[in-house]
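Colleague: I would like to learn how to read the contacts in a model like this one. Please take me through them step by step.

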Number of protein chains: 2
Amino acid sequence: MSTSHTAPSSITVLGSTGSIGTQALDIVARLGGSAQLRWITCNTRWQEIAEQVRRHRPYGVAIRDEFAYSEFRAAMPDFSGPVLCGEEGICEAAADAGNDIVLSAMVGFSGVVPTMAAIKAGHVIGLANKESLVSAGSILMPAVQRHGATLLAVDSEHSAIAQCIIGEHRADVDRLIITASGGPFRTFDADKLVHVTPEQALKHPNWSMGAKITIDSATLMNKGFEVIEARWLFDLPGDRIEVVVHPQSIIHSMVQFIDGSVKAQMGVPTMLVPIQYALSYPRRWPLDIPRMDLAAMGSLTFEAPDLKKFPCLQIAYDALEAGGSAGAIVNAANEVAVGAFLDHQLRFTDIPNVIRHTRDHMEHHDDPSLVDIIAIDAEARRVAKTFPSL
Amino acid sequence: MSTSHTAPSSITVLGSTGSIGTQALDIVARLGGSAQLRWITCNTRWQEIAEQVRRHRPYGVAIRDEFAYSEFRAAMPDFSGPVLCGEEGICEAAADAGNDIVLSAMVGFSGVVPTMAAIKAGHVIGLANKESLVSAGSILMPAVQRHGATLLAVDSEHSAIAQCIIGEHRADVDRLIITASGGPFRTFDADKLVHVTPEQALKHPNWSMGAKITIDSATLMNKGFEVIEARWLFDLPGDRIEVVVHPQSIIHSMVQFIDGSVKAQMGVPTMLVPIQYALSYPRRWPLDIPRMDLAAMGSLTFEAPDLKKFPCLQIAYDALEAGGSAGAIVNAANEVAVGAFLDHQLRFTDIPNVIRHTRDHMEHHDDPSLVDIIAIDAEARRVAKTFPSL
């Protein structure tokens, strides 16, 4: 746990038009001349990435969607840097030898292959795409070792754990305690959850994030994925990774050591801190955000998660325990279910049912390859759509 | 902040019959053969140190009080190790080249000279005697540098700060946030404080400690001394050291960094963790204490300290600001006042008045030597006793 890197001067942001990506670009802009944007990439939002190119002047651009790529080229004839297309283009940007750090901030399973490309290039990677580790942790982590890459967590919880572990010895860590806000439905009666709408679910009490992760927060699946992510990042079994509900989101997570001492990382809820910390690690840079004021807050509260009301958390623990293909299946089914819920085609309470349905109709693979995982992901999406109401 | 030492095999405990000292001996005993007690020392409690000699078999003993020394010798004719007497004897034990670590756990100003002896020998010192730094920080800290000694905090608050700072860079620390339980009179009306008794003051809500420090906790002078101690240990000015009242004493203190991130060290309130951490630093050893359970606790609360009701905290901040002899004067006057309160000779609310009286009747020295400090301490005790009711 003593890996370190000096301040990066050449930063690539995969998924630059998303919530994490745009905040990362703001941080890089505020660093001034000491840091340079290398590549920025997106899926379909060519107008937004064109605006980012005008404003942040990166070295190059990669756009996954072919139509969006063509529109970008037509709209930006004067951009003289390289413009790449497709997943191959994004992987080329991820693997570029000119990258000092690659921030992997794509949404969902689409982040797996580009993240692997950055790993194979031996890069320092700030990982904001937890689905990569949920689906393919058993493949990515050995590759990190093999290629001498460095994986830094950008999720606020995993950044908190990394901040608590720095300077400590791995053998002295007893357990991780991941905090959960509990989402917008924490205090709802179980029978009211049947009727909640995407609009209600998108109102997260503390964090401003993308739509998919906000729904995952409402089901606690996001927390379950974070448990799986922590299992891979910090190499601890599931029974040494706890979740505690903490509605104020001031403590971002904790580490308990073998002497009973617990370290916590805290602060006002903003992704700027973990994003910047991945760039500044192991140092810190000044950041102009509101400071935590505990006396003004008065109290921090805690409760155990309600696994009956929010079964997705238990589904994730079960997937961690099962290993192999289980994470990829749960992740794929969840993406389908969340998409259907956002489209008003699925009830909130059926999200875990879609995942269970998918899991129970697929074979378990103990030791899948990355190619297997890609096939399993596609198959799980197909099976998820056979859920009765879909 | 990267100083480290390997696990000590030869441990000396100055003040072994006190609250910290007895707990330290229990920890050393539980380490089994891997650690050996070198010296143990006491002031007058010869019967207790004789019992400790029988049980823990140290290499040698030093007893400050001459009568107690004679009693010990008479009672323990079979003890074959060296037995030293007086402050010189305690300093000889502190400076012994055979010490791997010296735990300085004497009460009050009496710890200053032996701590200096350990510093001059270049030892690793676990400092539980905060009065040393309050009175003579401006002398001890340069000596630590000069002699290549290492000072590890044993106070729970300063141990918490050290645990939060390990692996971080000094320049990245923005401020320290020291937690205070608020003591037994936190919720008392100001006019009720006039009538509180030593028996009430000795009932600390969370911590089991010696009498002197327990009274200091009730006046918040203990917290003020901790602010001064932190100033010396972590080299930050007083306006970057905050105090927040946290009645549950679960968060033991916090460090805020320049990026707004805050790290806290937490756990059930027990001195075993900071004592053992000073011995195990920078590693940790297993410790069988109850684990923190935030969900079971439900909430942690915080409030600003009430400087009007507890003026000793402000007196300490003023002494930090004044520097020079101010800490020694406040410490000496406080020892006199607390002693008089414990003897039912002074009202609780007159403790700060005795200190102000002493401070206002003494000259300020900007740059005292250790010899000056010893004279100033004696003079301050004399002046304190001229307080009208004493």
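Colleague: How many residues does the contact take from chain A and from chain B?

Modeller: Contact means heavy atoms within 4.5 Å. Here the contact takes 43 residues from chain A and 44 residues from chain B. This is a predicted model, so local features need pLDDT of at least 70 and side-chain atom pairs count only at pLDDT 80 or more, while totals for chains, interfaces and linings use all residues. Residues are numbered from 1 along each chain as its sequence is written, chains are lettered from A and ligands numbered from 1 in the order in which they are written, and side-chain values use heavy atoms, with hydrogens and water left out.

Colleague: How much area do chain A and chain B bury between them?

Modeller: Buried area is the accessible area (1.4 Å probe) that two parts lose on being put together, summed over both. For chain A and chain B that is about 3,700 Å², with 54% of it on carbon and sulfur atoms. Asp259(A), Arg284(A) and Phe302(A) supply 18% of the area that chain A buries against chain B, more than any other three residues.

Colleague: How many salt bridges does the rule find across the interface of chain A and chain B?

Modeller: The rule asks for a side-chain nitrogen of Lys or Arg within 4 Å of a carboxyl oxygen of Asp or Glu. It finds six salt bridges across this interface. Arg284(B) forms a salt bridge with Glu168(A), with the closest N and O atoms 2.8 Å apart.

Colleague: In which sense do E12(A) and strand E12 of chain B pair?

Modeller: Strands (E, at least two residues) and helices (H or I, at least four) are DSSP runs, numbered from the N terminus. Two strands pair if DSSP finds at least two bridges between them. E12(A) and strand E12 (residues 299-301) of chain B pair in the antiparallel sense over three bridges. Leu300(A) has Leu300(B) as its bridge partner in E12(B).

Colleague: What does the domain assignment give within chain A?

Modeller: Domain bounds come from an automatic or database domain assignment. For chain A the assignment gives domain 1 (10-154) and domain 2 (158-269 + 291-322). Their centres, taken over C-alpha atoms, are 27 Å apart. The contact takes 12 residues from domain 1 of chain A and 14 residues from domain 2 of chain A.

Colleague: What do these two domains bury, and how many salt bridges are counted between them?

Modeller: Domain 1 and domain 2 of chain A bury about 1,100 Å² between them, 71% of it on carbon and sulfur atoms. On the domain 1 side, Lys130(A), Val134(A) and Ala153(A) lose the most area to domain 2, together 47% of what that side buries. The count between the two domains is two salt bridges. The side chains of Glu131(A) and Lys212(A) meet in a salt bridge at 3.1 Å, N to O.
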